[in-house]
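Biologist: I would like to learn how to read aromatic contacts in a model. Please take me through a case.

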Amino acid sequence: MNGIRYSIPMHLHTVNSIVILTGAGISAESGLSTFRAENGLWCNHPIEDVATPEGFARNPVLVQQFYNQRRAQLLSVEPNAAHHALAQLAEGFKGSLLLVTQNVDNLHERAYRQRRANANFRFVHMHGELAKVRCTETEMVYDWTEDITAQTLCPCCREIGTLRPHIVWFGEMPLEMPVIYEALRKCDLFISIGTSGNVYPAAGFVAEARASGRAHTVEINLEPSQTHSLFHETRHGKATELVPKFVEELLSNRNKG
């Protein structure tokens, strides 16, 4: 493994609460293209056109087409070894585990569904989900895998033009932030995977986790993030290689404890 700081993994039997944050880096290895490129475009579209409430109000057809394409792409990819490793950790860990993802795909859920349920395990999609839509009139959220067109009827209000992607756009508040911050304040282990560390509020999660003085913090990323110096432990390389190894170490130490 390549990394700036590497320490012997903590014993899982001493951990009661884990928070995991994942970003685009974990899904990119499944072949899922990230929305934002270095030039600031979202899949060749200006952000203000396809990722803001104003853009949706101005040209809803364009926005729906954009997310229809992203939704179709999601159906063509599969969870990778990193997703499956985190599902394995959720299965093997008996404490409280919160997986917070900045990603709008459902690859974590698809990997987890292959394993038995854990009552203490919870997903939070802080930026929304591609496979869901929301009614702008009632705020009802629905699972959705098909295209949305100008003629699509909303299931609840039976109107056209009221469904929007269940995505947090620029200028909107990320979802379930109180739940996330409460978990960060209580966690013993915080793991950040595949994130750049330059997008807030997620970039501030490591500092929030460390504020209690109790949490061990680990970064697993292709390269050092903007906040890598705040982590107790950093491992740099492909998520599909490093995450399974890290999970194996955690579960192995649990069995030895």
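The dialogue below turns to aromatic rings and their surroundings.

Modeller: This is a predicted model, where local features need pLDDT of at least 70, side-chain atom pairs count only at pLDDT 80 or more, and totals for chains, interfaces and linings use all residues. Residues are numbered from 1 along each chain as its sequence is written, and side-chain values use heavy atoms, with hydrogens and water left out.

Biologist: How many aromatic pairs does the structure hold?

Modeller: A pair of aromatic rings is described by the distance of the centres and the angle of the planes. Rings of Phe, Tyr and Trp (its six-membered ring) pair if their centres lie within 6.5 Å; planes under 30 degrees apart are stacked, over 60 edge-to-face, the rest tilted. The structure holds eight such pairs. In one, F56 and W169 have ring centres 5.4 Å apart and planes at 45°, so the pair is tilted.

Biologist: Are F56 and W169 buried or exposed?

Modeller: Buried means under 20% relative accessible area, exposed over 50%, partly exposed in between (1.4 Å probe, protein chains only). Both F56 and W169 are buried.

Biologist: What is the geometry of the F190 and F231 pair?

Modeller: F190 and F231 are stacked, at 6.2 Å centre to centre with 15° between the planes. F190 is buried at 1% relative accessibility. F231 is buried too, at 3%.
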